[in-house]
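Trainee: I would be grateful for a close look at a single part of this structure. Please take me through that part step by step.

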Amino acid sequence: ADGGELLFASDALRGVFMPLDMKRQTRQGGTGYPSLATAEKGKLLMDVIVAKGIEVIKALCAAPISVQ
């Protein structure tokens, strides 16, 4: 086991993407179209991010840890 199976050990982790180097993802450091943003969309986005973050943290805490 190389540890890679942990990434898909829980449905909570499916679809989670965290770029370690945003410079590889975008030149200016951001994505999307800020001119289309609203406070309501921002709140909804943050609500979803926080809920998914909690789900991911719970899944990681529940994952078995092996010591070699």
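Mentor: What follows is a short account of the chain as a whole and then a closer look at helix α2.

The model is a predicted one. Its chain has 68 residues, and buried residues make up 9% of them. The secondary structure consists of 2 helices and 0 strands. About 6400 Å² of the chain is accessible surface, and carbon and sulfur atoms account for 63% of that area.

Helix α2 covers residues 39-62. Let us begin with its charged side chains. Side chains of opposite charge can pair when their charged atoms come close. In this structure there is 1 salt bridge, and the partners are K43 and D47, with a distance of 2.8 Å from N to O. That distance falls within the 4 Å cut-off, so the pair counts as a salt bridge. Where do K43 and D47 stand in relation to each other along the helix? They are 4 residues apart in helix α2, and therefore about one helical turn separates them. K43 has a relative accessibility of 52% and is classed as exposed, because the cut-off for that class is over 50%. D47, by contrast, has a relative accessible area of 40%, so D47 is partly exposed.

Next, consider the nonpolar side chains. L45, M46, I49, V50 and I54 together make a nonpolar surface patch of about 460 Å². One of these residues, M46, is located in helix α2. M46 is partly exposed, with a relative accessibility of 46%.

Finally, turn to K52, which also belongs to helix α2. Its relative accessibility is 28%, so K52 counts as partly exposed. Which residues does K52 touch, if those up to four places away in sequence are not counted? They are D11, A12, R14 and V16. In the case of V16, 36 residues along the chain lie between the two positions when counted as a separation, and the C-alpha atoms of K52 and V16 are 8.8 Å apart.

Key: Residues numbered from 1 in each chain as written. Predicted model: local features only at pLDDT ≥ 70, side-chain atom pairs only at ≥ 80, totals over all residues. Heavy atoms only, no water. Buried < 20%, exposed > 50% of the residue type's maximum accessible area, 1.4 Å probe, protein only. Contact = heavy atoms within 4.5 Å. Patch = residues over 30% accessible without salt bridge, like charges linked within 9 Å, V, L, I, M, F, W, Y side chains within 5 Å. Areas by Shrake-Rupley, 256 points an atom, 1.4 Å probe, with all protein chains shown as cover.
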